[in-house]
Amino acid sequence: MTNIAELAGKDPLSRRYFMEMTAKMSFGLSLSVPFLPKNFQAQNSAKAKNLIYIYLAGGMTHLDTFDPKKNSGVMGDTEILDTVVDNMKFGMHLKDLAKQADKIAVINSMTSTNGAHEQGEYIMRTGYDKRATIVHPTVGPWAETLLGKRGDILPDSVLVGQSTSNAGFMDPSLSPLPIADPAGGVPNTTLMVEGDRFDRRMKMAQTLGQQFVEKFKYTGPKSYAEYYNQANRLLKSDALSAFDISNESNSAEYGDGRLGQGCLLARKLVENGVRVVEVVSGGWDMHTDFSGGTAMRVPELDKAVATLIRDLDSRGLLDSTLIAIGTEFGRTPEINMNSGRDHYPAAYSCMLAGGGIKGGTVYGETDGSGKKVKTNPVKPADFLATIGYGLGLDLDETVYSPTQRPFTFADKGVPATALFG
């Protein structure tokens, strides 16, 4: 993308292009979304003040991670690993997390009817089924809407691992800041001209934008103006250093992959006051050679999350930071002809830690082959509601879309309150 400062300094047409394309490419926004009324009443009883939601795109295998079985016919090469908690068993590649099982709650009774990637990811990140007529917000915009904005400079939510984001039907200014490469920091922040000159150019661009706002009396353009005001404040502040992990002394402990570095960035952002950080990591769609796939992906996950837990704990942030691991579905107990596992939404696993979670907890159970949920089924909306409950979100608060349709966080999902101590 053309440098943000360079576009700001060209002719009026280029400036309008700058304002439109920066928002579209950075946030995937639509001009047709108006402001929404906000409820700023927080639930003070919540222990979690921050959320790090690690989303494993592709469908993490439950049998080879958090729900291994004694049935050798479904386990393939994966062996069962004991943890420091007697009734909690992991797959053999989760060696580091096994030592911290007393800080972890595992949900082994996740269940869904969404067997396609896009639909499965959508509901696991919004709590709603994907519809053609509306886009639903993820956790970050909901949290800012229901709890209020936390600070003036840093965004309330950040999305790591993707280059675009949006706020769904909510105000575009609530969109999480997207950071595609966790090691790259915030893109397009190098000024091509001196500060005063840049300010003059931005003022000219805002004047042009204000003319558009006055001509077309709806709130979408005002959202863009607020977005640019926020971006300018961040650009000219010392807060940009919160996105720089190049000098973190424990970087190697997280691993040098994007998942590990994404977790490191998430820790630093939370430490600097960002409320919600989503870290999206792909590579979990293992239709072929699941043994090789898990041998590569699961140790990376193990190292990153175990280090994140230790790091937050050592900084006094674990009790106030809820860590969640989600995925769109599990993998089939049957190993296919390509030595892989296929999509399996009927039963899968997720994990929680910190933020008031009762460690050493195994919630729900599947049968001896990991095929059917036997106790305490948890649907995607319930999982999101559990996260919302941990953050103190009012799960009954109604927010209206621009078409005046009523919505609640996690679509009336029921939180698994037993997971909290």
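Tutor: Start with Ile 54. Leaving aside residues up to four places away in sequence, Ile 54 touches Leu 259, Cys 263, Val 279, Val 305, Leu 308, Ile 323, Ala 324, Ile 325 and Gly 326. Bear in mind that this model is predicted.

Student: How do I read contacts like these? Which residues touch the most other members of the largest nonpolar core?

Tutor: The general idea is that in soluble globular proteins, nonpolar side chains tend to be buried together. Here the largest nonpolar core holds 53 residues, and Ile 54, Leu 97 and Phe 243 touch the most other members. Helix 11 gives the most to this core: nine residues. There is also a second, separate core of 45 residues, with Leu 147, Tyr 348, Cys 350 and Phe 409 among its members.

Student: How far does helix 11 reach from its first C-alpha to its last?

Tutor: First, the general point: an α-helix has 3.6 residues a turn, so residues three or four places apart point the same way. Helix 11 covers residues 290–314 and reaches 35 Å, close to the 36 Å expected. Just after helix 11, Gly 316 has a positive phi of about 70 degrees.

Student: Now strand 4. Why is it largely enclosed by the rest of the structure?

Tutor: Count its buried residues, those under 20% relative accessible area. In strand 4 (residues 104–110), seven of the seven are buried, so the strand is largely enclosed.

Student: Which strands is strand 4 joined to by bridges?

Tutor: Strand 11 (residues 348–353) runs antiparallel to strand 4, with five bridges. There, Met 110 has Tyr 348 as its bridge partner. Strand 12 (residues 361–363) runs parallel to strand 4, with three bridges. Val 106 is partnered by Val 362 in strand 12.

Methods
Residues numbered from 1 in each chain as written. Predicted model: local features only at pLDDT ≥ 70, side-chain atom pairs only at ≥ 80, totals over all residues. Heavy atoms only, no water. Helix = DSSP H or I, 4+ residues; strand = E, 2+ residues; numbered from the N terminus. Expected span 1.5 Å × (residues − 1). Buried < 20%, exposed > 50% of the residue type's maximum accessible area, 1.4 Å probe, protein only. Pairing = 2+ DSSP bridges. Core = buried A, V, L, I, M, F, W, Y, C linked by side-chain atoms within 4.5 Å. Contact = heavy atoms within 4.5 Å.
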